[in-house]
Amino acid sequence: MQWYVVSLGDALVAQSKMYELQEVLNLAWQGAGRPSSMQAGYCYRGQGLHCQIDLYLSEPLQLLVSLPRARRCESPTADFQSLLGDSPSAMA
């Protein structure tokens, strides 16, 4: 599966941005019939005071929502946490 990533920046500041995007992504996913090929989630990068949040989207979801700063990437890391209800984990 192809993936896209968007860096949301510093974890303390990015939380509100992530919640806004989660709502948009959930609506798009549900509107498409909740396909298992559409996945979105996040991973933390770094540690301590300099932790960043990366938002990952599967290609079908990115094609639907077209987030402007998304770029192709490798699969998410093992700490991927889904943002889409009962969508499967990227690591499944």
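**Salt bridges**

I counted two salt bridges, taking one to be a side-chain nitrogen of Lys or Arg within 4 Å of a carboxyl oxygen of Asp or Glu. A note on what I am reading: this is a predicted model, where local features need pLDDT of at least 70 and side-chain atom pairs count only at pLDDT 80 or more, while totals for chains, interfaces and linings use all residues. Residues are numbered from 1 along each chain as its sequence is written, and side-chain values use heavy atoms, with hydrogens and water left out.

I reminded myself that side chains of opposite charge can pair when their charged atoms come close.

I looked at Arg72 and Glu59, whose salt bridge has its closest N and O atoms 2.7 Å apart. This pair links distant parts of the chain, with Arg72 in strand β4 and Glu59 in helix α2, 13 residues apart. Helices (H or I, at least four residues) and strands (E, at least two) are DSSP runs here, numbered from the N terminus.

I then checked exposure, calling a residue buried under 20% relative accessible area, exposed over 50% and partly exposed in between (1.4 Å probe, protein chains only). Arg72 is partly exposed at 44%, and Glu59 is partly exposed at 22%.

I found the other bridge between the side chains of Arg45 and Asp54, at 2.9 Å from N to O. Asp54 is buried, because its relative accessibility is 8%, whereas Arg45 is partly exposed at 41%.

**Gln62**

I went to helix α2, residues 59–65, to find Gln62. Gln62 counts as buried because its relative accessibility is 8%. What does Gln62 touch, leaving aside its neighbours within four places in sequence? I listed Tyr4, Leu57, Leu67 and Ala70 as its contacts, a contact being heavy atoms within 4.5 Å.

**Positive phi**

I kept in mind that most residues other than glycine have a negative phi. Arg34 has a positive phi near 60° and is not a glycine. I placed Arg34 in the loop between α1 (11–31) and β2 (40–45), where its 40% relative accessibility makes it partly exposed.

Ser66, also not a glycine, has a positive phi of about 50°. I found Ser66 in the loop between α2 and β4 (71–73), partly exposed at 49%.
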